[in-house]
Amino acid sequence: MAGNNNPTVAGRRLGAELRRLREDRGMTGTQVAADLLISQAKVSHMETGRRAVSPRDVRDLCVLYGVTDQHLVDHLTALARESSRQGWWHSYGDIPHSVHLDLEAVAASIRAYEPMVIPDLLQTPAYAAAVIEETIPLVTVDQAAARLKVRLRRQHRIYDLARRLHLWVVLDESALRRVVGSRETMREQLEHLHALSTEPHITVEVLPHSAGAHPGLTGQFSILELSDTREAVVYLERFTSDLRLARTSDVQQYSVTHARLRALALTPEQSLHFIADAIKLYAS
């Protein structure tokens, strides 16, 4: 379940292509392993993106599968090279939940539910710093600084005109009421949230306490739609680990849950007024 064991987007795409070629050839993983003198586990891990696939692996598999289209071979080789590259965040050291960063970097849209705090992509620097420092007991000063830099750089996606990220957030009222950092930090954060909520590609809907019990009580989640394949992936972040769900049934379950939460939440217009009223609580 740990993020470090999750495949990269390029690795998943390459694995899916290799699996399709094997199945089109009518071969089993056991047969491929025997022909190439490798373990069946390696074949499986290459097809799930959990093991790096070298250009040589691609060449050997294409020969075995009888692939004669050089354009396809070149495409698969390029994916192999891309999957071995580290994301920009690796330059900041050991940053947790890297699978989320990889998915987020290529997502076209994100539907999210956040019950406790303002979502990472909508946080101000002061609020983000307070969240990092106050929720991770063993974090060092250097680690906190690195995580803050990564979080703020991730926010570039919502300002990138060329590949703008569409964000639809259902935000529990608790996130507006909980004082993170200081009252001044909260006022600045809610003003920032209010401003971003007016952007056409960002929708924020507040789920008030008066809504009572609801499906979101089980915790935070995000549904990311990837820009290249239009595939949807559910991402669950936990304290020391994360979980990626790609099965159609799981994505459908969380999509229905998000739709239910939206139905219970205030409209975007009502939410803007709700946030504006919350700002007044921190104005004095």
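Biologist: Where is the place of Arg22 in this chain?

Modeller: In this predicted model, Arg22 sits in helix H1, which covers residues 9–25; a helix here is a DSSP run of H or I with at least four residues, and a strand is a run of E with at least two, both numbered from the N terminus. Residues are numbered from 1 along each chain as its sequence is written, local features need pLDDT of at least 70, and side-chain atom pairs count only at pLDDT 80 or more, while totals for chains, interfaces and linings use all residues. Side-chain values use heavy atoms, with hydrogens and water left out.

Biologist: Why does Arg22 count as buried?

Modeller: Buried means under 20% relative accessible area, exposed means over 50%, and partly exposed lies in between, with a 1.4 Å probe and protein chains only. Arg22 has 12% relative accessibility, and therefore counts as buried.

Biologist: Which residues does Arg22 touch, not counting those up to four places away in sequence?

Modeller: With contact meaning heavy atoms within 4.5 Å, Arg22 touches Met27, Thr28, Gly29, Val32, Glu47 and Tyr65.

Biologist: What makes a set of residues a nonpolar core?

Modeller: The set must consist of buried Ala, Val, Leu, Ile, Met, Phe, Trp, Tyr and Cys residues joined through side-chain atoms within 4.5 Å. The largest such core has 37 residues, and Ile118, Leu122, Leu176, Leu190 and Leu193 have the most contacts inside it. Apart from it lies another core, of 20 residues, including Leu14 and Cys62.

Biologist: How much of the protein chain counts as buried?

Modeller: Of its 284 residues, 48% count as buried, and the chain has twelve helices and six strands.
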